[in-house]
Amino acid sequence: VKYATELEVPGDFGEVGAVIVENTEQSYLPSETPDGLTRYRAEELSLLRGNGEGERQQGNRIYDYDVYNDLGNPDSNPDLARPVLGGKEHPYPRRVRAGRPRTESGTFYVPRDEEFSQVKQSAFSASTTSAVLRAVVPAAETIFIDRNLGFPHLTAVDSMYDQGINLPPRTADSPWTDIVPRLVRTVVDSADDILQFVVPDSMKRDRFFWLKDEQFGRQTLAGVNPCSIELVKEWPLMSKLDPEIYGPPESAITTNIVEQQIRGFMTLGQAMKQKKLFMLDYHDLLLPFVGLVRQLEGTTLYGSRALFFLTPVGTLKPVAIELVRPPSKEDGKPQWKQVFTPANCSATEEWLWKLAKAHVLAHDSGYHELVSHFLRTHACLEPYIIATNRQLSAMHPIHRLLHPHFRYTMEINSLARQALINADGIIELAFSPLKYSMQLGSAVYDQRWRFDYEALPKDLIRRGMAVEDPSAPHGLKLTIEDYPYASDGLILWDGLHQWVADYVSHYYPDPSLITSDAELQSWWTEIRTVGHGDKKDEPWWPSLATPSDLIEIVTTIAWTASAQHAAVNFGQYAYGGYFPNRPSIARTNMPTEDPTDEAWKQFIDTPEKALLEMFPSQFQAVVVMAILDVLSNHSVDEEYIGQVMEPAWGDDAVIRAAFERFNGRMKALEVVIDGRNANEKLRNRNGAGVLPYELLKPFSEPGVTGKGVPYSTSI
């Protein structure tokens, strides 16, 4: 890089012997910018914003907004057309603009400052997120000729871990060794390769964990999707959808059904009063998609509710599952709904319960990947990154505070649009609800997403999992005391909040500095009205007028990028690596839905076959498990929260001291988590065969570890 400048020196200065150029990491609010830098500060921001025109090229440093108009590929196949996400019809956060024509293929643009480092790229050539996303489907097709072929028996599932799957003879372009080297081994005394999945930690501890109802309940609190469980606040359960379209709104889960399951504990009225009933509720969200999904081959869908009871020992006991099919105008079928319960003495009811549970787990898996993971911790972050680069100078203290929380996110989002969430991508091939997956994410963004609820304390309160209590730790009293995600998360949230508060208070000792900071105000306005423009008129957006406002906003963004992403990402292989525990899709209807005599007899004679036909196909299972292995992996250059200090922070003594306190809090959290995992009274994280909850332990070594909170959504 060459810089040209003119230096004015006094005439009697004498000969110039040297020019010292010093690069400082000092941060400046706009009003405090040295005169010599004011013009350059403004010019750089102008260049980063661009003019909104033209196609972006590799190496550009331009940040602009666009809708998700690059997921489809109708030029190659009309069936691969997909609606644009972003706008009135399908609301969604904005992404970085590439500027290429909507249906024209080309390089996916990422501003060069957001690209993977050479270390990250080198690590990925071995552990290969990039390669997996592009190559895992073609690689799987070399093994399975029939994408729809299911597993013949449960021992065939286990053989993927015990014996492995024979791979085709190795050639120069054999993909598997490059894609997932951790999962490929060469047979001794042979040149043959075998794809052998690593036994997930949850299965190592208990080979039959996936069958147990205790695990079904426990994983809603300490699994990979611990942010969907909610308190039942009203009884009876009622749908809010239009009954003219979706049928009678009353749930089929009755008081009598619940009281049969909690007999010996209390009545339903007592359970409601004492806040003992909880639910996974995907009924109203999924029901509008049922008719569409059922027109696709190789899958089905229901609206679902799963009800749980909080036992005296603090664990969740599954009580009932309700599956609902709306009325159909096409074939004239009426609404169908049925409740399934854990059976004590009926073999038929016990198998029906297993099948119903597989449906709910498939719904939870799809929701987790599309909403809890991609929407909330990937897509919703991208507007913050774009706005930060467009409106906050690199010298701005808030830019420097947020910078590590944005590392690699835009690059990984670009990869996702190319091979994960795109038409005929991995999500559409293997996760419910297939080609309507991203439309489901749009529906959730439209109906449920709120910036203020992305803050952990407010999210817990919204779901009824906590109430405000000034006398309680963190100012909240948890509805379920042994809720590992929440109890560990609140400590991390408080530590992060205090670090942000110390930092913001140093640069903004007076509220007037907030309101007079033009860059800061433009940043927050652009996030609300452009980046999340489909939500711009919502009344719940926080104002930005005081240091406390800024502290809450920045903490929420930093939490989402770090701890929230870690909680829903790095346990994916531990819980989904043995797919019967979390099937990504349910392929067949319940045998009780409009059964023929022949179909019912087949279910009675071979119920295991019915379960295997419902599970993902062999092709789908291999693709998903290979992806989950890579997504659960920590890169060798990972930067963990509170561990690595940014250079600009270390240059300021006050900020350096605040960070050192933050580092101490993160180290203390590790000790607390270890202590909780050793506490026999905490049965959701301790016990025979129970996987300890470590997803919010701040630090980790590289690899698939089930712990570690990176600063950013970097995978």
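1. His368 is buried, at a relative accessible area of 3%; buried here denotes under 20% relative accessible area, exposed over 50%, and partly exposed the range in between, with a 1.4 Å probe and protein chains only. The residue belongs to helix H12 (residues 347–379), where helices (H or I, at least four residues) and strands (E, at least two) are DSSP runs numbered from the N terminus. The side chain of His368 reaches the backbone oxygen of Val224 at 3.4 Å. A polar contact is a pair of N or O atoms within 3.5 Å; within protein, one must be able to donate a hydrogen and the other to accept it, and residues adjacent in sequence count only if both atoms are side-chain atoms.

2. On provenance, this is a predicted model, in which local features need pLDDT of at least 70 and side-chain atom pairs count only at pLDDT 80 or more, while totals for chains, interfaces and linings use all residues. Residues are numbered from 1 along each chain as its sequence is written, and side-chain values use heavy atoms, with hydrogens and water left out.

3. Salt bridges number 39, under the criterion of a side-chain nitrogen of Lys or Arg within 4 Å of a carboxyl oxygen of Asp or Glu. One of them joins Arg376 to Glu454, with the closest N and O atoms 3.0 Å apart. This pair links distant parts of the chain, 78 residues apart: Arg376 is in helix H12, and Glu454 is in the loop between helix H17 (437–447) and helix H18 (456–462). Both Arg376 and Glu454 are buried.

4. A salt bridge also connects the side chains of Glu526 and Arg390, at 2.8 Å from N to O. Here too distant parts of the chain are linked, with Glu526 in helix H21 (residues 518–531) and Arg390 in helix H13 (residues 382–391), 136 residues apart. Glu526 is buried at a relative accessible area of 9%, and Arg390 is buried at 12%.

5. Arg407 and Asp637 form a further salt bridge, their closest N and O atoms being 3.1 Å apart. The pair spans 230 residues of sequence, from Arg407 in the loop between helix H14 (397–402) and helix H15 (409–419) to Asp637 in the loop between strand S13 (633–634) and helix H27 (647–650). Asp637 is buried, with a relative accessible area of 12%. Elsewhere, salt bridges with shared partners join Arg294, Arg325, Lys333, Glu593 and Asp594 into one network.

6. Arg294, a member of that network, also has its charged end over the ring of Tyr302, 4.8 Å from the ring centre. The charged end of Lys354 is likewise placed over the ring of Trp351, at 5.0 Å from its centre. The criterion is NZ of Lys or CZ of Arg within 6 Å of the ring centre and within 35 degrees of the ring normal.

7. The structure holds 33 aromatic pairs. Trp499 and Tyr503 have ring centres 5.6 Å apart and planes at 70°, so this pair is edge-to-face. Rings of Phe, Tyr and Trp (its six-membered ring) pair if their centres lie within 6.5 Å; planes under 30 degrees apart count as stacked, over 60 as edge-to-face and the rest as tilted. Trp499 and Tyr503 are separated by about one helical turn because they are four residues apart in helix H19 (residues 484–507). Trp499 is buried at 1% relative accessibility, and Tyr503 is buried at 1%.

8. The rings of Phe579 and Phe615 also form an edge-to-face pair, with centres 5.6 Å apart and planes at 85°. Phe579 lies in the loop between helix H23 (572–576) and helix H24 (597–605), and Phe615 in the loop between helix H25 (607–614) and helix H26 (618–631), so the pair ties together parts that are 36 residues apart in sequence. Phe579 is buried at 3% relative accessibility, as is Phe615 at 2%.

9. One aromatic cluster is formed by Tyr68, Tyr92, Tyr384, Tyr445, Trp449, Phe451, Trp523, Trp524, Trp540 and Trp541.

10. At the surface, Leu7, Val9, Phe13, Val16, Val19 and Val21 form a nonpolar patch, with about 620 Å² of accessible area together. Patches are made of residues with over 30% relative accessible area and no salt bridge, like charges being joined within 9 Å and nonpolar side chains (Val, Leu, Ile, Met, Phe, Trp, Tyr) within 5 Å; accessible areas come from the Shrake-Rupley method with a 1.4 Å probe, and for residues only the protein chains shown count as cover. Leu7 precedes helix H1 (35–49) and is exposed, at a relative accessible area of 58%.
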